[in-house]
Amino acid sequence: MSPHPRPLRKLGFLTIGLFDEADPRRGHESTLDLITLGEQLGFDSAWLRHRHLQYGISSPVAVLAAATQRTSRIQLGTAVTPLGWENPLRLAEDLATVDVLSGGRLNPGFSVGPPTHYEHVRDALYPDTAGAEDFSPRRAERLLALIRGEDASDFAGTEGIEVYSRRVQPHSPGLAARLWYGAGSLRSARWAGEQGLNLLTSSVVKAEDKDGQDDGPPDFAAIQAAQIRAFRERHPDGERARVSQGLVVIPTDTATPEQRAKYEAYARSRTPRTLAPQGPARLLFAPDLVGTTPELVERLHAHAGYREVDEVAFALPFSFEHQDYVQILTDLATRLGPALGWQPSDAHPGAAPGEG
């Protein structure tokens, strides 16, 4: 464990983009408004989850394309795109296009593995190739190669007035350095390090061993810290390799009594799943953190995973109202972030987008 928590260098937030099936535009517009607010508050990044066949954003890349036209500075990410639902070549084209539109602000996060409930969607998703699809890291390696500019075709030249390229177009040279992998196991963390990717950690890990722990029940924070260290051990940049943590953190400093009661009830309802590994995969969930800034600072500074990072993308709860998210984001940016050592980015319109 790091002897002292690192000052927080980058503050981001993550949202699912929940919407009502009868009025999906309202939910999507709410998400775009939160991203705009995040830029105004000085957040470094905003991240969208994927939710296929649910009532959350199914196409974050499309929503982030819209966000590029409403913002000028904030980094825009996916956390994470499950590649089992994607064709790597087509995804590489979409990501490069949105990155160009954003001025170099896209931070694509992805993971591998079969799609959730694959047995129920395979005939719709891959009607002719369901049994032959490769959901291993090789699928991710295809995406990496294409984004880095390796050949997608063995033909380049002109046919009539049509000009063809061997590599994905548009090509965005800086995009490859802003690719993130969502890892929840030691194996995936090590693979991400070997590939030279950035690492996204979340509020879920696999309780697969006791690495980094004392005897006793599985400890989420210790498991996450061990995964981060394993990632950096395999990464070419070593200790300088970027890692972002994505716990659910809900500050209550300016919350109304009603909001505070709602937030505490939400966290309590999710506590049972944090007490022991869940399911055959032995997934271990982190407790949601709810409280005032001083309370949250104390809990984060004691968290072994947090002590390994200087970047976060705190996750917003799934089912709150827009005004709740406004309060939470405002407290994160104006109270908790500064208390953790973070300084807001230049939020003035027209600020030059950075690589981050």
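The model is predicted: local features need pLDDT of at least 70, side-chain atom pairs count only at pLDDT 80 or more, and totals for chains, interfaces and linings use all residues. Residues are numbered from 1 along each chain as its sequence is written, and side-chain values use heavy atoms, without hydrogens and water.

**Overall**
- The protein chain has 10 helices and 14 strands. These are DSSP runs numbered from the N terminus: helices are H or I, at least four residues, and strands are E, at least two.
- The C-alpha atoms fill a box of roughly 70 × 50 × 45 Å along the principal axes.

**Helices H8 and H10**
- H8 (residues 257-270) packs with H10 (residues 322-339) at about 90°, axes 12 Å apart. Axes are lines fitted to C-alpha atoms over the stretch in contact, and angles run from 0 to 180 degrees between N-to-C directions.
- H8 is therefore roughly perpendicular to H10 (65 to 115 degrees).
- H8 contributes Gln 259, Lys 262 and Tyr 263 to the contact, and H10 contributes Gln 323, Asp 324, Gln 327 and Ile 328 (contact: heavy atoms within 4.5 Å).
- The contact residues are 2 nonpolar, 3 polar and 2 charged. Ala, Val, Leu, Ile, Met, Phe, Trp, Tyr, Cys and Pro count as nonpolar, Asp, Glu, Lys and Arg as charged, and the others, Gly among them, as polar.

**Second largest pocket**
- The lining has 17 residues; Leu 18, Gly 27, Ser 30, Phe 320 and Glu 321 lie nearest the centre. A pocket is an open set of points on a 1 Å grid over the protein atoms alone, where a 1.4 Å probe fits, with protein on both sides within 12 Å along at least five of seven lines; lining residues have an atom within 4 Å of a point.
- Helix H1 (24-41) and H10 each give two or more residues to this lining. H1 gives the most, with 5 residues.

How values were computed. Angles under 35 degrees count as roughly parallel, over 145 as roughly antiparallel, 65 to 115 as roughly perpendicular and the rest as oblique.
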